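This report describes the nonpolar cores and the salt bridges of one protein model. The sequence and structure are shown first.

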Amino acid sequence: MSHTAHIPSHRKPRRSASKIALRAGVAGGVLSTLAVAAATGTANAAEPVSETIEMPTLSTDLSAQIAQSADATQQAADTYESRAEQDAAASKAAKQAKADLAKAEKKAEAERKAEAAAKKKAAEERASRSAERTSLSTQSAGGGSNTADAPAPASGSVGSVIGFLKAQLGDAYVMGASGPNAWDCSSLVQAAFKQAGVDLPRVSQDQSTMGTEVGTSNLQVGDILYWGGKGSAYHVGVYIGNGQYLDAANPGKGVVIQDLSGYPASGAVRVL
């Protein structure tokens, strides 16, 4: 026996491998649990789950609602503004239309008055011309065939025409002449009516288309007689009443008064 056999050894007894493994596993589990807990605690301390998960969603919805509300408000404002502009335009147009209507009515009234005045004046002139023709016809009838000696009225459109014509009695007939001492048929008629302020064309063809066509059975003093077709007349003269007319007849007769029955006219026009 060794002299040291009775001395207890200071070495700790060896532990079994299974106990060591078990303790290591337990320690690892505890450490893992502690690590997870620490991590969770840190996360919870930095950002609470109950707040950070829901708040972004709520904020986004609220922003969208605010934006939609703003858009709706703007659209409503635009609509009201557009309606206001339309109402203002309609009101302005109504006022303008009312003003235009009043102006048109005023103009129409003025035109009606002017037309009535013109008709009245025309009627008075027709009555005056009719009286002049009646007077001239009476004078011609009283003078018989010697109507050149009957005095013509000193004034009046028809009277001035007849007076001028009678003043040219005895003048020569020359084709193309225009007075003062020689005439052809149309130049004499043109010059006579110029005394009454009526401008006639120079040639008989054109003179036959002037004024108003009248029948040869309804002649009045001052009517222009034409021979040949209307628009192609070859001769013209002026009716002076009592079935007679005055014209620049031809080179053999000159300016004379003739009976219409001896040389009936084709037609007649009235310019006075």
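## Salt bridges and nonpolar cores

Arginine 270 is buried, with a relative accessible area of 18%; buried means under 20% relative accessible area, exposed over 50% and partly exposed in between (1.4 Å probe, protein chains only). The model is predicted: local features need pLDDT of at least 70 and side-chain atom pairs count only at pLDDT 80 or more, while totals for chains, interfaces and linings use all residues. Residues are numbered from 1 along each chain as its sequence is written, and side-chain values use heavy atoms, with hydrogens and water left out.

Arginine 270 forms a salt bridge with aspartate 223, a salt bridge being a side-chain nitrogen of Lys or Arg within 4 Å of a carboxyl oxygen of Asp or Glu. Arginine 270 lies in strand E8 (residues 267–270) and aspartate 223 in the loop between E3 and E4, so the pair ties together parts that are 47 residues apart in sequence. Helices (H or I, at least four residues) and strands (E, at least two) are DSSP runs, numbered from the N terminus. Aspartate 223 is buried, at 0% relative accessibility.

The structure holds five salt bridges, including these:

| Pair | Closest N to O distance |
|---|---|
| Arginine 270 and aspartate 223 | 2.8 Å |
| Lysine 230 and glutamate 213 | 2.8 Å |

Lysine 230 is partly exposed at 44% relative accessible area, as is glutamate 213 at 40%.

Glutamate 115 and lysine 119 are about one helical turn apart, because they are separated by four residues in helix H3 (residues 55–143). Glutamate 115 is partly exposed, with 44% relative accessible area, whereas lysine 119 is exposed, with 54%.

The largest nonpolar core has 27 residues, and Ile162, Leu165, Trp183, Leu188, Val189, Phe193 and Ile224 touch the most other members. Such a core is a set of buried Ala, Val, Leu, Ile, Met, Phe, Trp, Tyr and Cys residues joined through side-chain atoms within 4.5 Å. At least two residues of this core come from each of H4 (157–167), H5 (185–194), E4 (224–227), E5 (235–241) and E6 (244–248). H5 gives the most, with six residues. Apart from this core lies another, of nine residues, among them Val214, Leu260, Ala265 and Ala268.
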